[in-house]
Amino acid sequence: MYDTIIENIGQLILPAEGPLKGEAMKELNVQENMAIAIKDEIIAWIGPHQQSKNKKAAERIDALEKTVSPGLVDPHTHLVFGGSRENELALKQAGVPYLEILKQGGGILSTVQATRSETEEQLFGKAKRTLEQMAGHGVTTMEAKSGYGLDRDTELKQLRIVKRLNDEGILDLVSTFLGPHAIPPEYKGREEAFLEEMIQLLPEISEKSLAEFTDIFCETGVFTIEQSRRFMKASQELGFKTKIHADEIDPLGGTELAVKMGAASADHLVAASEGGIESLSRGETVAVLLPGTTFYLGKDRYADARRMIDAGAAVALATDFNPGSCVTYNLQMIMSLAALKMKMTPEEIWNGVTVNAAHAIGRGDTAGCLQVGRKADVVLWDVPNYKYIPYHYAANHAEIVWKNGRNV
Ligand code: NIG
Ligand code: FE
C-alpha cells in the first residue's frame, strides 16, 4: 500500500545523474503516460501508467495532460535579511550604477543596517514566509547565504536562522557563510582587517556546524582576486566547500580562480573572460547563472550561457533572491529569462534547475533527480509539457509540491 500515486502523467521529467557538462546538458529524458508511487517520504516506484492501475494507494492524483518533475533546486539565494530596498528603484532609474550605490553606503550596506537591527525572531519569521513562497513555486532544496551582518553576531544570527529553518523541514536548506560580502562602514579603508576578521570567524562557524559552504563577493571595490583566494584557501583548510560571486560586473578572473581552487560553483559570470569560460570545461566547478539579476539591474549583457555550454561547462540556474539585485520568489521566471535572454534550450534549462543545481550545492546524490529510493521531492505542474514553463513567463505553474512525500 503506497501513500500516494501520481498517475496518468502527461510528461514525466527524469533528469540524468550529473553533473551534466556541455553536450550532456542538451539531453533530457521525458516520458509520457507514466506514474510515480510515494511511500514513507520516498519514491517507491516509477513506471508506465498502465502498471500503476493495480497498485493500491491511500491517495491517487490524476496528472492527465500535466507535467511532473523533480522538486526544483535553487542553488543561490540571500534568503535572510532585514528591511527592503524599494527606495533604490528611483536611483536605478536615474542610472546610478549598482556599485556606486554600494560605494555611497547604500545597497548591500543598507540591508546590513536593517539586518543588524532586527531581532532573530523578526528575521526568522520573514525568511520563513519567503521560504514558503519559494517552496510554493516548486523549489524543494535551496541554498541560503549570510552576508548581511558583516560582524560576528549578525552573521551568526543569520546562519542560526538558516539552520532553524532547515530543521523545520519545509524544504532542505544548504547554508553558506558569505561574511566577505561588502566592507562594513566601521572597516572603511581597512579591508584587510575586515577580511581577517571574517577568516577568524571560520573556526567557530565550523565548530557550530552553521555552514557547509563559504562565499565571497569578488568585485571591483569589494574583494580582490588575491583576497578571494586567501579566503577560499582558509575556508577549505577548515573543511568548507567554496563558492564565489565572480566576474559579475568586471572581469577580474574569479571564474578562473574558482576552477583553480576546485570551488563547487562560480556564480554570476556575466563578464567572465574567454579563458574563464574555457577553464570551466576542465574543472569540477558548476557555473551558476543568475539572469534575474541582470534583468533586475536593467542590463543588456547576460552571462554567455551558450558559449559556456558549447565550451563544455556544467551550467545551473538560480534566483539570487535578495532585496537589492533580484527580488523574486519565482525560479520559473528565471527559466523564462534563461530561454529568452541567454538562448538556453528547454532541455538545458530543466537540467540547470534540477541536477546541475543540486551539484552546485553538494546535493547531487539526493536532489535534482527522480529515482526510486530517493526522497520524494516532486512537483506536479499544471502545464501540458516541459517546454511550457519557460514559454509562459512570470506565472506560478506549480500545482502540488511534495517535499519528502508531504504536501508543501
Ligand atoms: O548576488 N553581488 C552581490 N551580492 C548580491 C546582491 C546583494 C544585494 O544587493 O543586496 C548578488 O547580486
Ligand atoms: Fe548573490
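Here are some questions and answers about this predicted model.

Q: Why is H76 called buried?
A: A residue counts as buried if 20 or more other C-beta atoms lie within 10 Å of its own. H76 has 30 of them, so it is buried.

Q: Where does H76 sit, and what is it in contact with?
A: You'll find H76 in the loop between β6 (72–74) and α2 (88–93). Setting aside neighbours within four places in sequence, its contacts are E143, D267, V288, L290, A318 and D320.

Q: What makes H78 buried?
A: H78 has 26 other C-beta atoms within 10 Å, and the cut-off is 20 or more, so H78 is buried. H78 is found in the loop between β6 and α2. Leaving out residues within four places in sequence, H78 is in contact with K145, G147, F321 and N322.

Q: How do you know that H76, H78, H245 and D320 cluster in space?
A: The UniProt annotation "binding site", from an unreviewed entry, covers these four residues. They are spread over 245 residues of sequence, yet the largest C-alpha distance is 12.2 Å.

Q: Which residues does UniProt list as "binding site" along with Y148, and what makes them a cluster?
A: The unreviewed entry lists Y148, N322 and G324. Those residues span 177 residues of sequence, but the largest C-alpha distance is 11.7 Å.

Q: Why does Y148 count as buried?
A: Y148 has 29 C-beta neighbours inside 10 Å, and 20 or more is what it takes, so Y148 is buried. Its place is in the loop between β7 (139–145) and α6 (152–168). Beyond neighbours within four places in sequence, Y148 is in contact with F81, T111, V112, T115 and Q158.

Q: Which residues come nearest to ligand 1?
A: Of the 13 residues around ligand 1, the nearest are I108, D320, N322, G324 and S325. By class, the shell has three nonpolar, eight polar and two charged residues.

Q: Why is α13 described as largely enclosed by the rest of the structure?
A: Ten of the twelve residues of α13 are buried, so the helix is largely enclosed. The buried ones are L331, Q332, M333, I334, M335, S336, L337, A338, A339 and M342. Just after α13, K343 takes a positive phi of about 60°.

Q: Which residues have the most contacts inside the largest nonpolar core?
A: They are V68, A287, L289, V315, L317 and A338, in a core of 131 residues. Helix α13 (residues 331–342) gives the largest share of this core, eight residues. The core also draws at least three residues from each of domain 1 (2–70 + 369–407) and domain 2 (73–360). As a general point, nonpolar side chains tend to be buried together in soluble globular proteins.

Q: How do you know that domain 1 and domain 2 touch?
A: 29 residues of domain 1 are in contact with 34 residues of domain 2. On the domain 1 side, β5 (67–70), α16 (388–391) and β15 (398–403) each supply at least two residues, and β15 gives the largest share, three residues. That side divides into 17 nonpolar, five polar and seven charged residues. The C-alpha centres of the two domains lie 29 Å apart.

Q: Why is E41 called partly exposed?
A: Buried takes 20 or more C-beta neighbours and exposed takes 12 or fewer. E41 has 15 inside 10 Å, so it is partly exposed. E41 is in the loop between β2 and β3 (42–48).

Q: Why does L269 count as buried?
A: L269 has 30 C-beta neighbours inside 10 Å, and 20 or more are needed, so L269 is buried. L269 is found in the loop between β11 (265–268) and α10 (274–282).

Methods
Residues are numbered from 1 along each chain as its sequence is written. Chains are lettered from A and ligands numbered from 1 in the order in which they are written. This is a predicted model: local features need pLDDT of at least 70, side-chain atom pairs count only at pLDDT 80 or more; totals for chains, interfaces and linings use all residues. A residue is near a molecule or strand if its C-beta atom, placed from the backbone, lies within 6 Å of it. Ala, Val, Leu, Ile, Met, Phe, Trp, Tyr, Cys and Pro count as nonpolar, Asp, Glu, Lys and Arg as charged, and the others, Gly among them, as polar. UniProt positions are given in the numbering used here, feature names are shortened, and annotations may be inferred rather than shown by experiment. Helices (H or I, at least four residues) and strands (E, at least two) are DSSP runs, numbered from the N terminus. Two residues are in contact if their C-beta atoms, placed from the backbone, lie within 7 Å. A nonpolar core is a set of buried Ala, Val, Leu, Ile, Met, Phe, Trp, Tyr and Cys residues joined through C-beta atoms within 7 Å. Domain bounds come from an automatic or database domain assignment.
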